[in-house]
Amino acid sequence: MIIRDKPGVLQLLFSVRGSVLPRIVPRIVVVTGFAALLVWFDTVYTALPHPDPAPFAVFGIALSLFLGFRNNAAHNRWWEGRKLWGQLIADMRSLARDVEIFLPEQDDRKKVLRLAIGFIHAHRINLRKLPTASAPREWLSENDMAQPHPPCAILDRMAETVARAAPDGFARRALAERLASISIAQAGCERIATTPLPYVYSLLIFRTTYLYCGLIPFGLIESAGWMSLLFVAIIAYIFFGLAEVTEELAHPFGETVNGLSLDAMCRTIEISLAPHLDMPAPAPKKAERFYLS
């Protein structure tokens with residue numbers, strides 16, 4: 001996630017970090033080069049068809065509507081993912097207080113909380129499809145990561161500890177409800193990660209964008225001449241840029257510059273649970289070159 005405090009006008013105009021421009025420049029060059037070829041052919045050899053620009057305006061409005069719909073759908077996925085991780089942070093903090101209230105033995109309390117931190121890291125690794133070797137060994141063992149579904153296996157161990165250590169049915173029920181809330185947030189994140197936006201949307205957007213950028217020079221040559229190249233480049237930047245932004249936002253748990261800062265949120269949970277484990281709190285994650293992982 002890109003973190004910037006009140007960027008200035010120059011930063012907004014010329015900043016590349018966090019922008020989709022590096023990924024869409026080749027596409028912009030291709031459609032602008034095609035437009036240059038058309039203008040050159042129209043100028044040097046023979047006049048090409050010069051249709052009325054009005055139909056292109058209608059075409060552009062329709063394409064904008066498609067892009068707006070897809071952008072809303074992608075942003076909703078990104079925002080829901082952030083809300084679910086906010087719920088996980090709140091549940092982990094509440095779990096630390098719950099075990100202080102309901103579990104009489106300190107060893108059992110610490111075991112549940114250590115497992116909770118292991119769970120959140122296993123959940124992060126599972127969402128990002130990272131290799132098991134990247135698991136922090138202070139919280140996750142090789143056996144944990146060898147399970148078919150490590151986050152669920154750790155939650156099961158937490159439930160077993162609660163069932164054994166809770167002194168009565170009320171304590172077991174209260175802690176079970178907390179674990180259920182954690183599990184619901186986990187399932188919500190996995191639903192987003194495993195159910196992408198329908199592929200047909202991507203096909204429609206990208207094919208239509210290329211088609212529009214390929215046809216728009218015909219409507220501009222007569223009135224704009226070689227200036228058509230500038231207008232085509234701007235149009236390509238807008239439409240390809242919006243399409244690429246929605247592609248990133250549709251995968252909120254990825255390691256892209258606009259993905260959610262899962263590492264930083266896991267560190268926030270570690271900081272919150274450290275006092276309950278009699279451990280020094282680690283330093284919060286900081287953005288590097290405006291990027292918070």
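Contact, in this presentation, means heavy atoms within 4.5 Å. Good morning, colleagues. The structure before you is a predicted model, in which local features need pLDDT of at least 70 and side-chain atom pairs count only at pLDDT 80 or more, while totals for chains, interfaces and linings use all residues. Residues are numbered from 1 along each chain as its sequence is written, and side-chain values use heavy atoms, with hydrogens and water left out.

I begin with Thr32, which has its place in helix α2, residues 21–44; helices here are DSSP runs of H or I with at least four residues, numbered from the N terminus. Apart from neighbours within four places in sequence, Thr32 is in contact with Leu229, Val232 and Ala233. The relative accessible area of Thr32 is 17%, so Thr32 is buried; buried means under 20%, exposed over 50%, and partly exposed in between, with a 1.4 Å probe and protein chains only.

I turn now to helix packing. Helix α8 (residues 199–224) and helix α9 (residues 228–249) pack at about 165°, with their axes 9 Å apart. Axes are lines fitted to C-alpha atoms over the stretch in contact, and angles run from 0 to 180 degrees between N-to-C directions. The angle therefore makes α8 roughly antiparallel to α9, a term for angles over 145 degrees. The residues making this contact include Ile205, Tyr212 and Ile216 of α8 and Val232, Phe239 and Glu247 of α9. By class, the contact residues of α8 with α9 comprise 17 nonpolar, three polar and one charged; Asp, Glu, Lys and Arg count as charged, Ala, Val, Leu, Ile, Met, Phe, Trp, Tyr, Cys and Pro as nonpolar, and the others, Gly among them, as polar.

Finally, how many aromatic pairs does a search of the whole structure find? The search finds four; rings of Phe, Tyr and Trp (its six-membered ring) pair if their centres lie within 6.5 Å, and planes under 30 degrees apart count as stacked, over 60 as edge-to-face and the rest as tilted. One of them is the stacked pair of Trp78 and Trp79, at 6.3 Å centre to centre and 20° between the planes. Another, Tyr212 with Phe239, is edge-to-face at 5.6 Å and 75°. This pair links helix α8 to helix α9, its residues 27 apart in the chain. Both Tyr212 and Phe239 are buried.

Conventions:
Helices (H or I, at least four residues) and strands (E, at least two) are DSSP runs, numbered from the N terminus. Angles under 35 degrees count as roughly parallel, over 145 as roughly antiparallel, 65 to 115 as roughly perpendicular and the rest as oblique.
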